[in-house]
Amino acid sequence: MHSFGHRANAVATFAVTILAAMCFAASFSDNFNTPTPTASVKILNINWFQKEANGNDEVSMTLNISADLSSLFTWNTKQVFVFVAAEYETPQNALNQVSLWDGIIPAKEHAKFLIHTTNKYRFIDQGSNLKGKDFNLTMHWHIMPKTGKMFADKIVMTGYRLPEQYR
């Protein structure tokens, strides 16, 4: 006969094996989800556009951020981290990214939203490169699953331009 310890070990090993198989199945099932999120960012106002004392350009904007990210949620999604970034080129850098707003969406019920806000983080360029600059607003998201690997994607919105003069 097997002792109690042997039997407990067999039951625990079996339970952990089943749990691992279920985690793998949950993670694998995310590969079959084809999300179709939508997003729109409108600049309502340039509150100020100024040169700081140290020579850097700074911009403050009022934004309308709307999105429907509910298709990102599956039964394996824990939360979604989302942020809006301004992206532009300068002579020093091929890609500059400045985060303007971010948020955490804890559940599918909160995945459809409309936010009227100013940029949460300072939009500053190191130098005087923003006058008349074309830039994109990009909504990035990172899907954090309960088990498995994280997924990330984005929607790029083009056609934005900063003023030619400071205000």
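Gln165 counts as exposed, because its relative accessibility is 54%; exposed means over 50% relative accessible area, buried under 20%, and partly exposed in between, with a 1.4 Å probe and protein chains only. This is a predicted model, where local features need pLDDT of at least 70, side-chain atom pairs count only at pLDDT 80 or more, and totals for chains, interfaces and linings use all residues. Residues are numbered from 1 along each chain as its sequence is written, and side-chain values use heavy atoms, leaving out hydrogens and water.

Where is Gln165? Gln165 sits in the segment after β8 (151-161); strands are DSSP runs of E with at least two residues, helices runs of H or I with at least four, numbered from the N terminus. Between the C-alpha atoms of Gln165 and Gly55 there are 15 Å, and 110 residues along the chain.

Next, helix α1. Ile18 belongs to α1 (residues 4-29), and with 36% relative accessibility Ile18 counts as partly exposed.

Now the largest pocket. Its volume is about 250 Å³. A pocket is an open set of points on a 1 Å grid over the protein atoms alone where a 1.4 Å probe fits, with protein on both sides within 12 Å along at least five of seven lines; lining residues have an atom within 4 Å of a point. The volume is the space filled by probe spheres set on the points, which are joined across faces, edges and corners. Of the 14 lining residues, Asn33, Pro35, Leu72, Ile143 and Phe151 are the closest to the centre. Strand β8 gives the most to this lining, with four residues.
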